[in-house]
Protein chains: 2
Amino acid sequence: MADKIVDRLALIGIGLIGSSIARVVRRDGLAGHVAVQTRRPETLERARSLDLGDSYTTDAADAVRDADLVIVCVPVGASGAVAEAIAPALKTGAIVSDVGSTKTSVIAQMAPHIPPGVRLVPAHPIAGTEHSGPDAGFADLFRNRWCLITPPEGTDETAVDLVTRFWTACGANTDIMTPDHHDMVLAITSHVPHLIAYNIVGTAAELEEVTNSEVMKFSAGGFRDFTRIAASDPTMWRDVFLNNREAVLEMLGRFTEDLTALQRAIRWGDGDALFDLFTRTRAIRRGIIEYGQETEAPDFGRSPGAGKPAQKPE
Amino acid sequence: MADKIVDRLALIGIGLIGSSIARVVRRDGLAGHVAVQTRRPETLERARSLDLGDSYTTDAADAVRDADLVIVCVPVGASGAVAEAIAPALKTGAIVSDVGSTKTSVIAQMAPHIPPGVRLVPAHPIAGTEHSGPDAGFADLFRNRWCLITPPEGTDETAVDLVTRFWTACGANTDIMTPDHHDMVLAITSHVPHLIAYNIVGTAAELEEVTNSEVMKFSAGGFRDFTRIAASDPTMWRDVFLNNREAVLEMLGRFTEDLTALQRAIRWGDGDALFDLFTRTRAIRRGIIEYGQETEAPDFGRSPGAGKPAQKPE
Ligand SMILES: NC(=O)c1ccc[n+]([C@@H]2O[C@H](COP(=O)([O-])OP(=O)(O)OC[C@H]3O[C@@H](n4cnc5c(N)ncnc54)[C@H](OP(=O)(O)O)[C@@H]3O)[C@@H](O)[C@H]2O)c1
Ligand SMILES: NC(=O)c1ccc[n+]([C@@H]2O[C@H](COP(=O)([O-])OP(=O)(O)OC[C@H]3O[C@@H](n4cnc5c(N)ncnc54)[C@H](OP(=O)(O)O)[C@@H]3O)[C@@H](O)[C@H]2O)c1
């Protein structure tokens, strides 16, 4: 994991994902120079004090000048504007990649701006936490996780190879997928789970019969797991839903149909139907553990009594 | 935490919850004698080799004879049959409690069998993991968690006090609540979250467009959190839904209404509505952390790259 992959890397956006890339690249010497760009001066200063790069600027065009590999790490709704801003400064032969959670829309936004002689190789590392910003990143974020690479048809193979080698060096497993299929897969493995987590936390917060303080105190029965997901960055997730609308609505439709059937089973007292579903679902978790994507430890290995010492807050 | 609370404790059922009680009681000397009962000989043998009690039997009536406190730790659908079985052997002055996840139905099932002179004090420790059986328990399961005590109207105060002292000694915070309100609160903090987790894992498993292997490999985007909940014991959860039908259907109705609105916001591209909800939901997690019910560590403190070492399983 310690060979240089590119001479000059430019990171456009230095939040959770951008800063995690910066950390692993610098730890393992994967680039000769890391140029860090971010929109706001305060984020840039934070990146500088965390020593995330070799050069720092708020000007995206400045950052990408002479870069061999540019990785755009901003909310997916900003991809088009970023591509437009960097286009004039890209050198011939450069590779532009990204980390956005949706792919069809990112390609539609970026491709029109990419100059001839520059290769667009979109990618999506499936790794993250509920925190954001440059402080939230860490070098091991991508270790043992998957990074999906979704080159538009006809993309130069050598560019795809370089992006693949880059992510492998960052510790990830890689796979190639069409942008459309990516968006469908992620709708069910990520986008709809986030949507329903946000939704149930919203429902709980608005109830009149149950106070917010009751919801918070008695959350250990399962609800608190959902609140982790529903504490994710609002801008990033707004952009995801606006930019993967069709696949999300399609998968949400399936979810709702199945939920209606489950509701009916409860109404009718059909214990066998419930037992049957509750048995089938266990195989999926076993599979995830076998694929090395999850810990086997109960409760995610969360320490017993997780949280501050016992107290009665009222 | 080291004072004896009762002379003779009987545990009816010795799975995750029963065995966790046994462990903390024996570690901290909270009872003079722990009588362990379970239905199947193989579970009883397991409990014996784990040294969970002072005496062992598969006969519930035998176990409760002379007990000062009986705690029923079986799936809620079995509460009535257990109450009927132990009733003739209960001594005058005994307290019968339980740990079931639903309360109105448990009281309806058990109360008719409780002999005069015996006090029924139902309770529900809000603590658990996705694992079950006597091996899954641990002494610290209840530490810093809440235990709700739901005495039917007119219950003898001294009996409620003893159960409160017992759970406090087990490390829990306690609160008194009516059985109806308990069932409403738990519907939203536990039962509906489990239902939608089971549901989305079921939906994902049945898709034709996305293979099960894709679902498993690319689950780190959020889905894998749901699979933990959906790996919980099928019998326990079937019984919960059959025994808290009304509150679950009510809360599920609210969830579905809110989800319809969210779906519409996505369809219409209403980014402000999405952003607004995604911002409000963060306050609930902050509250849970402030109430000491959750770790602040990102990703539940799950270690980066959680799972087995990187491998490409195909
Ligand atoms: N978080 C995850 O779990 C995760 C996982 C995989 C992929 N992704 C994808 O990774 C990308 C970045 O996510 P993140 O979690 O790293 O976000 P983050 O921590 O919030 O950081 C966002 C970065 O983008 C910049 N930015 C925000 N809005 C911008 C705009 N309108 N124009 C230009 N720059 C803008 C921010 O700059 P300032 O701070 O200077 O404003 C910051 O540098 C997103 O596309 C997301 O879909 C996220
Ligand atoms: N798991 C949680 O997260 C959690 C949290 C709070 C409360 N609870 C409540 O605690 C209770 C026990 O749950 P658990 O997780 O400890 O379950 P568990 O680990 O599956 O253990 C269940 C115990 O009940 C016995 N049992 C099962 N079916 C029975 C029947 N029909 N009649 C008599 N005994 C029967 C089992 O005996 P054999 O093994 O001998 O068959 C075993 O001893 C349930 O009411 C549940 O709602 C659970």
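The C-alpha centres of domain 1 and domain 2 of chain A lie 29 Å apart. The domain assignment places domain 1 of chain A at 6-177 and domain 2 of chain A at 181-269; such bounds come from an automatic or database domain assignment. This is a predicted model: local features need pLDDT of at least 70, side-chain atom pairs count only at pLDDT 80 or more, and totals for chains, interfaces and linings use all residues. Residues are numbered from 1 along each chain as its sequence is written, chains are lettered from A and ligands numbered from 1 in the order in which they are written, and side-chain values use heavy atoms, with hydrogens and water left out.

**Between the domains of chain A**

How many residues of domain 1 of chain A are in contact with domain 2 of chain A? There are 18, and they meet 16 residues of domain 2 of chain A. Contact here means heavy atoms within 4.5 Å. The size of an interface is often given as the accessible area lost when the parts come together. For these two domains of chain A, the buried area is about 1300 Å². Carbon and sulfur atoms give 62% of that area. Buried area is the accessible area (1.4 Å probe) that two parts lose on being put together, summed over both. A:S101, A:E130 and A:M177 supply 40% of what domain 1 of chain A buries against domain 2 of chain A, more than any other three residues.

**Ligand 1 in chain A**

Ligand 1 is surrounded by 25 residues (a heavy atom within 4 Å). The closest are A:T38, A:T43, A:V74, A:S101 and A:G133. The shell around ligand 1 holds 12 nonpolar, 11 polar and two charged residues. Ala, Val, Leu, Ile, Met, Phe, Trp, Tyr, Cys and Pro count as nonpolar, Asp, Glu, Lys and Arg as charged, and the others, Gly among them, as polar. α1 (16-28) and β7 (123-126) of chain A each supply at least two residues of this shell. Helices (H or I, at least four residues) and strands (E, at least two) are DSSP runs, numbered from the N terminus.

**Ligand 2 in chain B**

Ligand 2 also has 25 residues around it. The closest are B:T38, B:T43, B:V74, B:S101 and B:G133. Its shell divides into 12 nonpolar, 11 polar and two charged residues.

**Polar contacts of the ligands**

A polar contact is a pair of N or O atoms within 3.5 Å; within protein, one must be able to donate a hydrogen and the other to accept it, and residues adjacent in sequence count only if both atoms are side-chain atoms.

| Ligand | Residue | Polar atom | Distance |
|---|---|---|---|
| ligand 1 | A:T38 | side chain | 2.6 Å |
| ligand 1 | A:T43 | side chain | 2.7 Å |
| ligand 1 | A:G133 | backbone | 2.7 Å |
| ligand 2 | B:L16 | backbone | 2.8 Å |
| ligand 2 | B:I17 | backbone | 2.8 Å |
| ligand 2 | B:V74 | backbone | 2.6 Å |

The protein covers 86% of the 910 Å² of accessible area that ligand 2 has on its own. Accessible areas come from the Shrake-Rupley method with a 1.4 Å probe; for residues, only the protein chains shown count as cover. The elements giving two or more residues to the shell around ligand 2 are α1 (16-28) and β7 (123-125) of chain B.
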